[in-house]
Amino acid sequence: MTDHLDKRLLVVSNRLPVVIGARDGDWTIIPGSGGLVTALAPVMRQRQGLWIGWPGCGEEAPIGALLDRFAEENGYSLAAVPLSEDEEERYYRGFSNEALWPLFHDLLGFCRFSFDNWQTYLDVNSRFARVVSDHAETDDLIWVHDYQLIGVGEQLRALRMHQPLAFFLHIPFPAADLFRRLPWKDTLLRSLMGYDLLGFQTLRDRRNFVYAAASLLSGVEVVRRKRSHDLLHFEGRTIRVGHFPISIDFDEFDQGARSREVEDAAWYLHENLRGRQLVLGVDRLDYTKGIPERFLAFERALEKYPELLSRVSLLQLVVPSRTQVPDYQNLKETLDQMAGRINARFSSPEWSPIHYVYRSLDRIQLLARYRTSEIALITPLRDGMNLVAKEYCASSVENNGVLILSEFAGAADQLGKGALLVNPYDIEATADAIHRAFFMEVDERRQRMRRMRAEIRRNDVHHWLQSFTRALSDRD
Ligand code: ADQ
């Protein structure tokens, strides 16, 4: 039996895990800071891996020299797939973010289906496949990430690559009836069937996919259904389909939150709160994250439960994202207006109900807010997983935070027993959950938080990585 655990990993994702910039006339390249980078970096180093993706910088950057410097400093290599501005517009902003992203999050009303964008998506996916085939070695394990690159696997097969091909979808997979709306559904399903292993975040996503493939694409046969995975046959090949909930590095957050710097920052925040409880929301600016609905629920809680007035504030942190896409610009305006209106309605000279911060925070400031906030209000309309929910629990080292979580976040599958689950469209019930969390006794808070922390500690991002790579070597 081939053991895939020893093979070199060749990871393919839309963006390379780096930030390239220029300071005082000198070019810099530094590792990115996302959960995926943190999880994969040690394995990439250990197996001298290769990561292929778009560097996210213009042609003026001395890309070859920068990538060499990165490899020397980080112990694994990068290869760049350059994109023109037009490709960035059509493949990334147009098709990936204005067709697939809303469709896969059940938000059909936000979808724009353009044939030209679809064609560019296919062209860029073939370009990625060619770069992969130029760099791949016979024994590599090729692992493609996310909705921007679904077509890469099939293109690699067309190039007669024989290495094991794996794909992981970070966002949800919609129900078949919704997926059918995509004008190019057959091609996209066929592309997914080009992989040997398909990984989804939750059992629901996995089932949605298997049902869509079996019912919408002729020639797909479900040959085995097991708890851990399904096996499909298609055009003489076997495809394994599993679910692998992504996670965070629990220890990193837990230890980080206990550090001196975070403790100092948390103390400072606390002093300014003067006995008030803090409800925290942390999101990228995105219409899937349910931020306007959250503001309405908070407003309703203040209206329905006047005993909360002056005793609780909502701190909403929003990281700017996809700032060129019109729907995201509109959302920003909506949030500005809502926060202004609610504050004007309830504020007193010494209290504002909503603190709305539109920028990225450094790790210490973020952990201090996770640690200080008595309540986290994480209410996406739909989310593949939602790492913020897990980061909040891992940083809640005093075990006294209450997590209010959308039942439509993938994370609800693992955290549902400790969190207060809500339907984010149900403003009334979310307002009630805020009230309940505010008055929850310490014992109940502790019991719930311990349970969630134990779950995240057990199923951390290293466990995620191992179970995914192990699934490739299983033969049953
Ligand atoms: P995202 O949609 O980006 O990821 P999420 O999983 O919540 O969503 O991750 C957001 C990240 O941004 C977190 O690590 C968080 O710490 C960071 N962040 C948010 N606000 C911040 C702020 N103000 N300052 C600094 N950092 C901030 C996609 C899918 C998710 C899936 C992940 C991983 O949409 O469903 O969980 O991929 O698979």
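A polar contact is a pair of N or O atoms within 3.5 Å; within protein, one atom must be able to donate a hydrogen and the other to accept it, and residues adjacent in sequence count only if both atoms are side-chain atoms. The views below come from a predicted model, in which local features need pLDDT of at least 70, side-chain atom pairs count only at pLDDT 80 or more, and totals for chains, interfaces and linings use all residues. Residues are numbered from 1 along each chain as its sequence is written, and side-chain values use heavy atoms, with hydrogens and water left out.

View 1. Of the 22 residues around the ligand, His 170, Leu 361, Asp 383, Met 385 and Glu 391 come nearest (a residue is near if one of its heavy atoms lies within 4 Å of the molecule or strand). A nitrogen atom of the ligand sits 3.3 Å from a polar backbone atom of Arg 359. An N or O atom in the side chain of Glu 391 is 2.6 Å from a ligand oxygen atom, and a polar side-chain atom of Arg 284 lies 2.9 Å from an oxygen atom of the ligand.

**View 2. Here helix α14 meets helix α17.** Helices (H or I, at least four residues) and strands (E, at least two) are DSSP runs, numbered from the N terminus. The axes of α14 (residues 387–395) and α17 (residues 442–458) come within 9 Å and cross at roughly 110°; axes are lines fitted to C-alpha atoms, for helices over the stretch in contact, and angles run from 0 to 180 degrees between N-to-C directions. That makes α14 roughly perpendicular to α17 (65 to 115 degrees; under 35 is roughly parallel, over 145 roughly antiparallel and the rest oblique). Lys 390 and Tyr 392 are among the α14 residues in contact (heavy atoms within 4.5 Å), with Met 449 and Arg 453 among those of α17.

**View 3. Next, helix α10 packs against helix α13.** With their axes 8 Å apart, α10 (residues 260–273) and α13 (residues 363–372) pack at an angle of about 55°. That makes α10 oblique to α13. The α10 side of the contact includes Val 262, Leu 269 and His 270, while Ile 364, Leu 367 and Arg 371 are among its α13 residues.

**View 4. Finally, helix α11 crosses helix α16.** The axes of α11 (residues 291–304) and α16 (residues 427–439) come within 8 Å and cross at roughly 65°. Residues making this contact include Leu 296, Phe 298 and Arg 300 of α11, and Ile 427, Thr 430 and Asp 432 of α16.
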